[in-house]
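Dear colleague,

Please find below the structure that I am handing over to you. My notes on what was found in it follow directly after.

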Amino acid sequence: KQWYQRRVRVEPAWPKCCQGYSWDLFMRDVLKGRGLDSLYPDVSRTYHIGKTGANVFNQFFNGYFREHVLAKEDHYELKGLDTLGPKSYSDLISELIASSKLVDHSGDPCEQHFITEGNEKLVLYYYQRNTGETKQALAVATCLHLWNVDKVRGMFNGVLRTHFRGNELLVVGSMTKYGRQFMPKDVKPFRIAKYKDELDEGV
């Protein structure tokens, strides 16, 4: 697999101006269509959240971003750039999962104190029927108040790597290569009831 896209492959399909289609969404679709993934930095490269723009308006800003506290420093040193190749990043994900504490899968991710404040590496598994399905990843992200619109962003091969209440958290699909390798046999991956019926109906 290629880890980047050549301009000649992307430019002909680039969306026209003012069509209401963001370039980042476009690039993700291009990557997914070729079986690739995009990597997201742990810290936003922009260090700000706009109140108005093509995809942001007052109500959206007030509902999602108003209370976010962002770093104010003006200089950062990027670390771990040597891990951003396809194999090295996959190896890193495997190492993180292997060394992470398994979340109690008898609990409910929608409960307020499902994951408490801490400084641990945690892993949880969500249900998949196939390696490309992420419906339950979105359900978990919604319960944790991480993300609740369209597709979960920042996923790598069915794994969401994020930080939650001071912990490093990995949300891993049960049918991914990581799930098949690391998920204990006696663990039932999360299948949140709100989405269960849709899954049973094949939606």
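**Aromatic pairs and the buried interior**

F156 counts as buried, at 4% relative accessibility. Please bear in mind throughout that the model is a predicted one. The ring of F156 forms an aromatic pair with that of Y89; the arrangement is edge-to-face, with 4.8 Å centre to centre and 85° between the planes. Y89 is buried as well, with a relative accessible area of 9%. This pair links distant parts of the chain, since Y89 belongs to helix α4 and F156 to strand β3, 67 residues apart.

The count of aromatic pairs comes to 2. The other one joins F114 and F190: the ring centres are 5.6 Å apart and the planes stand at 85°, so this pair too is described as edge-to-face. F114 lies in the loop between β1 (101-102) and β2, while F190 lies in the loop between α6 and α7 (193-200), so the pair ties together parts that are 76 residues apart in sequence. F114 has a relative accessible area of 15% and is therefore buried, the limit being under 20%. F190 counts as buried at 5% relative accessibility.

A ring also takes part in a contact of another kind: the charged end of R191 sits over the ring of Y127, 4.4 Å from its centre.

**The chain as a whole**

The chain contains 7 helices and 5 strands, which follow one another in the pattern α-α-α-α-β-β-α-β-β-β-α-α. Of its 203 residues, 33% count as buried. Among contacts with a separation of 6 or more, 59% are between residues 24 or more positions apart.

**Helix α4**

Helix α4 covers residues 86-98, which is 13 residues. From first C-alpha to last, α4 reaches 18 Å, close to the 18 Å expected at 1.5 Å a residue. Which residues of α4 are buried? They are Y89, S90, L92, I93, S94, L96 and I97. An α-helix has 3.6 residues a turn, so residues three or four places apart point the same way. The buried residues of α4 pack against strands β2 (121-126), β3 (155-156), β4 (159-164) and β5 (167-173), and against helix α6 (177-182).

In soluble globular proteins, nonpolar side chains tend to be buried together. Here the largest nonpolar core has 21 residues, and those with the most contacts inside it are F114, I115, L124, V140, V152, L169 and V171. At least two residues of this core come from each of β2, α5 (135-143), β4 and β5. Helix α5 gives the most, with 6 residues. Leaving out residues up to four places away in sequence, V140 touches L124, Y126, V171, F190 and I192. A second, separate core has 14 residues, including Y89, L92, L96 and V123.

**A buried glutamate**

E168 is found in strand β5. Is this residue buried or exposed? With a relative accessible area of 15%, E168 is buried, because the limit is under 20%. The side chain of E168 makes a polar contact with the side chain of R161, at 2.9 Å. Apart from its neighbours within four places in sequence, E168 is in contact with L96, E120, K121, L122, R161, T162 and H163.

With kind regards

Terms used: Residues numbered from 1 in each chain as written. Predicted model: local features only at pLDDT ≥ 70, side-chain atom pairs only at ≥ 80, totals over all residues. Heavy atoms only, no water. Helix = DSSP H or I, 4+ residues; strand = E, 2+ residues; numbered from the N terminus. Expected span 1.5 Å × (residues − 1). Buried < 20%, exposed > 50% of the residue type's maximum accessible area, 1.4 Å probe, protein only. Contact = heavy atoms within 4.5 Å. Phe/Tyr/Trp six-rings, centres within 6.5 Å; stacked < 30°, edge-to-face > 60°. Lys NZ or Arg CZ within 6 Å of the ring centre and 35° of its normal. Polar contact = N/O pair within 3.5 Å; in protein donor to acceptor, adjacent residues only side chain to side chain. Core = buried A, V, L, I, M, F, W, Y, C linked by side-chain atoms within 4.5 Å.
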